[in-house]
Amino acid sequence: MEVIIEESWRRLLQPEFDSLYFEQLTQFVKSEYTNYQIFPPAHQIFNAFDRCPVDNTKVVILGQDPYHDVAQAHGLCFSVNHNVKFPPSLVNIFKEVESDTGKPMPQSGNLERWADQGVLLLNATLTVRAHQAGSHQGHGWEVFTDHVIERLQAEKEHLVFLLWGSYAIKKAALIDKSKHCVLTAVHPSPLSAYRGFFGCKHFSKANEYLKAHNIKEIDW
């Protein structure tokens, strides 16, 4: 199947695009976009990949679902479009960045600036119905994104994986920890952030690991 995605990812993931499960997933997603309001906009489904080619990827942050309210989601996990109110989890991410690195709370919640530096902001499920959290889970996206993680970690060395919350932490089983750095913490949601996300220092730890392997650090 021909999928419109950044070329290095197309090469790496072509076996997925040619698989039966992905054909079925594509049919489901096309039907959903035809019949419902779906986020993100269709042209931004693979935005995380388009902003962060394979060779550029240094850090992987894993989310679960796109935001499901109007104008929020644009294909990067935890990120919102410019001039959109910060969701609570994103506020807490920025609080930890400030506490950890001294970088003040930004004016925009758009994380393209991270993606452009090599941070793959990957949701496990890449689409969602408006106002229905989790509505596209269980239709094949998780199979696809698990294979993304497996193929990427096999292809590369010295990646940093930031896994927040029990759902993301389970993905550590897909990663060769002798080749990569895996950092885990509770989710940045207000329900859990005070139980160990605040103070995890993942942003400075990621940069320390990158620096130790002569990889340019991320300006968080």
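Cavity, pockets and contacts in a predicted model

Q: How many cavities of 30 Å³ or more does a search of the whole structure find?
A: In this predicted model, the search of the whole structure finds one cavity of 30 Å³ or more.

Q: What volume does the largest cavity have?
A: The largest cavity holds about 30 Å³ of space.

Q: And which residues line the largest cavity?
A: The lining is made up of I45, P66, G75, L76, N123, T125 and L126. By class, four of the lining residues are nonpolar, three are polar and none is charged.

Q: Which element gives the most to the lining of the largest pocket?
A: That is α7, with three residues. The elements that each supply at least two residues of this lining are β2 (59-63), α4 and α7 (166-169).

Q: What about the classes in the lining of the largest pocket?
A: There are 14 nonpolar, 13 polar and two charged residues.

Q: What is the volume of the second largest pocket?
A: The second largest pocket has about 400 Å³. Its lining has 16 residues, and those closest to the centre are V3, I4, A42, I45 and F46. I45 also belongs to the lining of the largest cavity.

Q: Which helix gives the most to the lining of the second largest pocket?
A: Helix α2 (residues 20-35) does, with six residues. By class, the lining of this pocket has 11 nonpolar, two polar and three charged residues.

Q: F46 is on that list. Which aromatic pair does F46 form?
A: A search of the whole structure finds 21 aromatic pairs. In one of them F46 pairs with F144, edge-to-face, at 6.2 Å centre to centre and with 75 degrees between the planes. F46 sits in the loop between β1 (38-39) and α3 (47-51) and F144 in helix α6 (residues 141-155), so the pair ties together parts 98 residues apart in sequence.

Q: Back to α4. At what angle do α4 and α8 pack?
A: Helix α4 (residues 88-101) and helix α8 (residues 202-212) pack at about 60 degrees, and their axes are 8 Å apart. The two helices are therefore oblique to each other.

Q: Which residues meet there?
A: From α4, I93, E96, V97, D100 and T101 meet H202, F203 and S204 of α8. By class, this contact has three nonpolar, three polar and two charged residues.

Methods: Residues are numbered from 1 along each chain as its sequence is written. This is a predicted model: local features need pLDDT of at least 70, side-chain atom pairs count only at pLDDT 80 or more; totals for chains, interfaces and linings use all residues. Side-chain values use heavy atoms; hydrogens and water are left out. On a 1 Å grid over the protein atoms alone, a cavity is a set of points where a 1.4 Å probe fits but cannot get out, and a pocket is an open set with protein on both sides within 12 Å along at least five of seven lines; lining residues have an atom within 4 Å of a point. Grid points are joined across faces, edges and corners, and a volume is the space filled by probe spheres set on the points. Ala, Val, Leu, Ile, Met, Phe, Trp, Tyr, Cys and Pro count as nonpolar, Asp, Glu, Lys and Arg as charged, and the others, Gly among them, as polar. Axes are lines fitted to C-alpha atoms, for helices over the stretch in contact, and angles run from 0 to 180 degrees between N-to-C directions. Helices (H or I, at least four residues) and strands (E, at least two) are DSSP runs, numbered from the N terminus. Angles under 35 degrees count as roughly parallel, over 145 as roughly antiparallel, 65 to 115 as roughly perpendicular and the rest as oblique. Contact means heavy atoms within 4.5 Å. Rings of Phe, Tyr and Trp (its six-membered ring) pair if their centres lie within 6.5 Å; planes under 30 degrees apart count as stacked, over 60 as edge-to-face and the rest as tilted.
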